[in-house]
Amino acid sequence: MRKPTCGLLLPLLYAALSLVFSCRAAAQSFNLWPGVAPGSEHWTQKERSVEAPYGTVLINVVTPTLTAYLPEKSKATGTGIIVAPGGACIALAMKLEGVDVAEWLRDHGIAAFVLKYRVPEKKDEGIPADLNMDNSCKYGIADGIQALKVVRQHAAEWGVASDKIGFMGFSAGGMVTSGVLLQEDASLRPNFAAPIYGGPFGKMPTVPAKLPPIFMAWAQDDGYVDTIVRFYEALKAAGNKPEAHVYFSGGHGFGMKKQGTTSDHWIEEFYFWLQAQGLVGNK
């Protein structure tokens, strides 16, 4: 039998590698609600995608979705995290605070689920001066609570332990995270939470004791630092013990950006925290 030549082997090898990389990058998206999301039945805005210096941003989101980034079975830790991007609850920084985070988590054995949550119609440039964060973010919080239910319902299918599902959010996504964390029914709360340079930007809600473990990170030169620290102090005042990483610099919205500051490494420190919580291995 004639042996394959290099000329035949190389195309086959490239095809195989292409298949491996495409499978690794594949992510499954699906609608969060079985029909129209409650509370937005009469919304008529059209979702739009905008390219910014820090990646794709979505506005006018009407139909919330989850996109699953599942690790290889051989690397899976059984831990899952829902990731909520920020954007003042009028936009979603899907790449910097969503996809980039999810891919990092997936590559470290953690199932990640990027939440594209609803945001009210954006009619003008920039952030409105009279923006009511409590009103704007209520849709995202409802979607976040629903996302947690959906991931728990499909936990076995996605290789996730139902008691190892966390919620992470950035900026306004941190407000969504806080809303999911502080919901009245304790049985529906995430098993851990990570509001990153975010929290309740509107009225401070009641903070109960005995919340699940909490990881926080922000930079001292963040323009919203007072609001973030207020939430941190409220958590402590209620008897909780959040772990906080406060960086010298990094600004607001550092996400997965590399700026040459210590905030560049927040996600590695989050992973070490997960290790200490027994949520990932010590590889």
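Please keep in mind that the model is predicted.

Let us start with strand E9, which spans residues 192-196 and is mostly covered, with five of its five residues buried. Phe192, Ala194 and Ile196 point one way from E9, while Ala193 and Pro195 point the other way.

The partner to look at is strand E8 (residues 165-170), which pairs with E9 in the parallel sense over five bridges. Within this pairing, Phe170 stands opposite Ile196 in E9. To get from E8 to E9, the chain passes through helix H4 (residues 172-181), and this β-α-β crossover is right-handed.

**Aromatic pairs**

Phe170 also belongs to an aromatic cluster, together with Tyr197, Tyr247, Phe254 and Trp266. Across the model, the count comes to 14 aromatic pairs. Two of them are set out here.

| Pair | Centre to centre | Angle between planes | Geometry |
|---|---|---|---|
| Phe30 and Trp158 | 5.4 Å | 25° | stacked |
| Tyr247 and Phe254 | 6.3 Å | 90° | edge-to-face |

Why does the Phe30 and Trp158 pair count as stacked? The planes of the two rings are at 25°, and planes under 30 degrees apart count as stacked. Phe30 lies in strand E1 (residues 28-31) and Trp158 in the loop between helix H3 (133-153) and E8, so the pair ties together parts that are 128 residues apart in sequence. Are these two residues buried or exposed? Phe30 counts as buried at 18% relative accessibility, because the cut-off for buried is under 20%. Trp158 also counts as buried, at 8% relative accessibility.

Elsewhere, three strands form an open sheet in the order E2-E3-E6, with antiparallel pairing. Strand E2 (48-52) and strand E6 (92-93) stand at the edges. Each has a single partner strand, so one side of each is left without a neighbour in the sheet. Strand E3 (residues 55-59) is joined to E6 by two bridges, and these strands run antiparallel.

Terms used. Residues are numbered from 1 along each chain as its sequence is written. This is a predicted model: local features need pLDDT of at least 70, side-chain atom pairs count only at pLDDT 80 or more; totals for chains, interfaces and linings use all residues. Side-chain values use heavy atoms; hydrogens and water are left out. Buried means under 20% relative accessible area, exposed over 50%, partly exposed in between (1.4 Å probe, protein chains only). Helices (H or I, at least four residues) and strands (E, at least two) are DSSP runs, numbered from the N terminus. Two strands pair if DSSP finds at least two bridges between them. A crossover is right-handed if, with the strands pointing away from the viewer, the path from the first strand over the helix to the second runs clockwise. Rings of Phe, Tyr and Trp (its six-membered ring) pair if their centres lie within 6.5 Å; planes under 30 degrees apart count as stacked, over 60 as edge-to-face and the rest as tilted.
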